[in-house]
Amino acid sequence: MSRIVYVNGAFLPEAEAKVSVFDRGFLFADAIYEVVGVVGGKLLDYAGHAARLRRSLEALSLPAPLDDAALLALHREIVARNGLDEGLIYLQISRGSADRDFAYPPAPIPTLVLFTQAKPVLVNPKVETGISVVLVPDLRWARRDIKTVQLLYPSMAKMEAVRQGADDAWMVEDGLVTEASSANAHIIDASGRLITRPLSEAILHGITRLSILEVARDLGVPIEERAFTPEEALAASEAFITSATSFALPVTRIDGQAVGDGRPGPITLALRQAYIEAKLKTAT
């Protein structure tokens with residue numbers, strides 16, 4: 001059955017959902033996006049995603065096409081129109097259509113698109129086995145804190161991981177792990193301390209990352225916010241990634257070497273379960 005897609009004020013069958021060839025999102029990747037998880041027809045961590053969306057808009061001097069209340073209503077409407085029980089909502093905002101010019105148009109009319117993706121998010125078979133990652137150089141632009149649609153290099157990193165028979169890539173810059181292709185990266189050291197890179201322009205300010213840290217504090221897991229090396233990751237007792245699509249997902253192999261005993265770690269699994277329980281209670 002065809003999905004219903006939202007494009008600039010209209011709900012359309014996906015085959016009819018179109019954006020201009022002159023849209024700056026297409027010509028310049030002059031656009032941002034957000035991904036919100038849906039479970040039981042309700043939105044997970046929506047307030048955090050909405051706040052990050054506003055930050056991304058401000059960072060690119062991109063006008064907001066809707067106010068906060070209208071945007072929340074739109075998310076709920078697209079869930080209802082697609083009968084989405086579990087899955088994801090993808091939102092993209094570009095600077096809109098204009099004749100091709102590197103300079104921004106003086107009075108842009110943003111393009112706003114939302115679409116849903118039905119998929120299981122609560123039950124993930126990779127939780128039982130963990131995922132494998134390979135290390136690749138981080139060659140992205142410097143403003144990774146802005147959630148733009150400039151995703152070509154992360155896609156290339158992901159494909160390099162696939163080429164090597166792995167599930168994902170961890171990117172490395174100046175000898176330190178930044179993040180995964182589409183997720184934040186974390187390790188648990190031998191003492192049980194959660195080590196995660198601090199927020200900066202070098203990484204995306206993950207909403208799930210923030211929620212996992214809150215859960216960790218509630219569980220009494222000590223946290224150290226600092227960058228870590230690939231060698232520290234290989235010597236860690238556990239490793240995991242966080243994102244809206246995977247929640248907390250164990251990493252059990254890095255460059256073919258086992259992390260810890262090569263199985264999903266107890267702290268990672270406890271964080272995942274506590275995160276799910278907390279977010280289901282506050283879903284909107």
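Is Arg3 counted as buried, partly exposed or exposed, and at what relative accessibility? Arg3 counts as partly exposed, because its relative accessibility is 31%. Here buried means under 20% relative accessible area, exposed means over 50%, and partly exposed lies in between (1.4 Å probe, protein chains only).

The model is predicted: local features need pLDDT of at least 70, side-chain atom pairs count only at pLDDT 80 or more, and totals for chains, interfaces and linings use all residues. Residues are numbered from 1 along each chain as its sequence is written, and side-chain values use heavy atoms, with hydrogens and water left out.

Arg3 has a charged partner. Its side chain meets that of Glu14 in a salt bridge (3.1 Å, N to O). A salt bridge is a side-chain nitrogen of Lys or Arg within 4 Å of a carboxyl oxygen of Asp or Glu. The pair links distant parts of the chain, eleven residues apart. Arg3 lies in the segment before S1, and Glu14 lies in the loop between S2 and helix H1 (24-28). Helices (H or I, at least four residues) and strands (E, at least two) are DSSP runs, numbered from the N terminus. Glu14 is also partly exposed, with a relative accessible area of 35%.

The whole structure holds 21 salt bridges. One of them joins Asp138 and Arg140 at 2.7 Å, N to O. Asp138 is buried, with a relative accessible area of 6%. Arg140 counts as buried at 17% relative accessibility. Salt bridges that share partners join Asp138, Arg140, Arg144, Glu173 and Glu179 into one network. Another salt bridge forms between Asp261 and Arg263, with the closest N and O atoms 2.9 Å apart. Both Asp261 and Arg263 are exposed.

Strands come next. Strands of a sheet pair through backbone hydrogen bonds, either parallel or antiparallel. An open sheet of six strands runs in the order S2-S1-S6-S5-S3-S4, with antiparallel pairing. Strand S2 (10-13) and strand S4 (42-43) stand at the edges, each with a single partner strand, so one side of each has no neighbour in the sheet. Two strands pair if DSSP finds at least two bridges between them. Strand S1 (residues 4-7) and strand S6 (residues 111-118) pair in the antiparallel sense over two bridges. Val7 stands opposite Val113 in S6.

Helix H2 (residues 46-59) packs on this sheet and touches strand S3 (31-39), S4 and strand S5 (86-94). H2 has 14 residues and reaches 20 Å from its first C-alpha to its last. The buried residues of H2 are Tyr46, His49, Ala50, Arg52, Leu53, Ser56 and Leu57. Seen down the axis of H2, they fall within an arc of 165 degrees, so they line one face of the helix. The arc is that of the directions from the helix axis to the C-beta atoms. Ala47 and Glu58, on the other side of H2, are exposed. Just after H2, Ser61 takes a positive phi of about 50 degrees.

Leu135 belongs to strand S7 (residues 131-137). Leu135 counts as partly exposed, at 23% relative accessibility. Leaving aside neighbours within four places in sequence, Leu135 is in contact (heavy atoms within 4.5 Å) with Trp170, Val172, Pro230, Ile254 and Asp255. Leu135 and Val172 are 37 residues apart along the chain, yet their C-alpha atoms are separated by 6.7 Å.

Technical notes. Axes fitted to C-alpha atoms, helices over the stretch in contact; angles between N-to-C directions. Expected span 1.5 Å × (residues − 1).
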